[in-house]
Amino acid sequence: MLIENPLNSSELAFPILECFHIVGFAISVGTIWLVDFRLLGFGMLRESPSQLAKDTFFWTLGGLILMLFSGLMLFSSGPEDYYLNYAFDFKMLFFVSGIIFNYTVHRRTVQSDAPGGGKLVACISIGLWSLVIFGGIFIGFLNSTLDIHHI
Amino acid sequence: MILSFALWIQATGFFTWLRGSGYAYPIILSLHMVTLTAFGAMILMTDLRLLGLAMRTRPVADVLDQLRVTKRCGLALMVTFGVLLAGCKAEEYYYNIFFRLKMTTLGLLIIHSLTFRRSVYRRAALMDETGIIPGNAKTAAVLSLALWITVACMGRGIGYIEPPLGIHAALRYLCGGAG
């Protein structure tokens, strides 16, 4: 590579970005889950799901942006590591599914406020994002066990 | 004393089994992060409501009181998974500076909750009546956010400290082989 990624010149850049990535994830997905818990009958029951989604909308979006940009920067530090790591493929599959699901089916269900409805949608949403977390954790785990650099 | 406790707990049958099974650690770590995500957002919404930055149209009591039980469940699960993780590698973590910092920050959070529980978190209804969120409530919210974010970041740091461990493990290695 002709141009060195400035992220790789500092040892601290990667872990600090990871912290932003984790906090961004907790904000965005956590606020989505707050609505999911409401759909399942836990937590903020005095609010309707649509109201809750409206109240958390900007925090969800802000968290997503933080997570996405820090994630892209992490990826840029060593794309070949991620390309060869199948936990990364797994994570991206469920991440893209999660985003699409959240802004289509999930949003429609939440806005309809149908009584008792949306339990399945909430479970799918929680499941998809949990799988993203599993993928993320296993990226690091596989990187240290597969010794990808020598493939 | 802490070190001998760490050595004892990681040598118990359960944690030895857990450490030996290849996928147990990352799976528990993932579950730790899943609960962190759920718990983190509830903490965030509680504190942001006190700061007037989220859910402003909802009464403070709605946010604080309704999230109390779910927040406790989340915390209990998160701590359980955390204990499982720490138990697997207790000796290694004893020497890990980020683990020590994380535990210290968690200690500060216990003090935080003892300090502000009565004066802030149990007074949501009063805040709604008067329509004023007092200064100490905002202080509590800022401190809580800062401390929890520190806990998350220190947690990430733990993974960056590699064994070899301190002198204790080195001595055992030299004197007793695999030990």
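**Close-up views of a two-chain predicted model**

Chain A has 5 helices and 0 strands, and along the sequence they line up as α-α-α-α-α. Here helices (H or I, at least four residues) and strands (E, at least two) are DSSP runs, numbered from the N terminus. This is a predicted model, where local features need pLDDT of at least 70, side-chain atom pairs count only at pLDDT 80 or more, and totals for chains, interfaces and linings use all residues. Residues are numbered from 1 along each chain as its sequence is written, while chains are lettered from A and ligands numbered from 1 in the order in which they are written.

**View 1. Chain A as a whole.** Taken along the principal axes, the C-alpha atoms of chain A fill a box of roughly 55 × 25 × 20 Å. Of its 151 residues, 40% count as buried. A residue is buried if 20 or more other C-beta atoms lie within 10 Å of its own, exposed if 12 or fewer, and partly exposed in between, with C-beta atoms placed from the backbone. Look at the contacts in chain A with a separation of 6 or more: 75% of them join residues 24 or more positions apart. Two residues are in contact if their C-beta atoms, placed from the backbone, lie within 7 Å.

**View 2. Helices α1 and α2 of chain A.** The axes of α1 (residues 13-40) and α2 (residues 49-76) come within 8 Å and cross at roughly 155 degrees. Axes are lines fitted to C-alpha atoms, for helices over the stretch in contact, and angles run from 0 to 180 degrees between N-to-C directions. So α1(A) and α2(A) are roughly antiparallel (angles under 35 degrees count as roughly parallel, over 145 as roughly antiparallel, 65 to 115 as roughly perpendicular and the rest as oblique). Sorted by class, their contact has 18 nonpolar, 10 polar and 2 charged residues. Nonpolar means Ala, Val, Leu, Ile, Met, Phe, Trp, Tyr, Cys and Pro; charged means Asp, Glu, Lys and Arg; the others, Gly among them, are polar.

View 3. Ile16(A) sits in helix α1 of chain A and counts as partly exposed, with 14 C-beta neighbours inside 10 Å. From Ile16(A) to Ser70(A) it's 54 residues in sequence, but 9.5 Å in space, C-alpha to C-alpha. Leu128(A), in helix α5 (residues 119-146) of chain A, is buried, with 22 other C-beta atoms within 10 Å. Not counting residues up to four places away in sequence, Leu128(A) touches Phe94(A), Ser97(A), Gly98(A) and Phe101(A).

**View 4. Where chain B meets chain A.** The contact takes 26 residues from chain B and 28 residues from chain A. On chain B's side, α3(B) gives the most, with 13 residues. That side has 17 nonpolar, 6 polar and 3 charged residues. Zoom in on Ala41(B): leaving aside neighbours within four places in sequence, Ala41(B) is in contact with Ala26(A), Ile27(A), Gly30(A), Thr31(A), Trp33(A) and Leu34(A).

**View 5. Met55(B) in its loop.** Met55(B) lies in the loop between α3 and α4 of chain B. Met55(B) has a positive phi of about 55 degrees although it is not a glycine. Most residues other than glycine have a negative phi. Met55(B) is also buried, with 22 other C-beta atoms within 10 Å.
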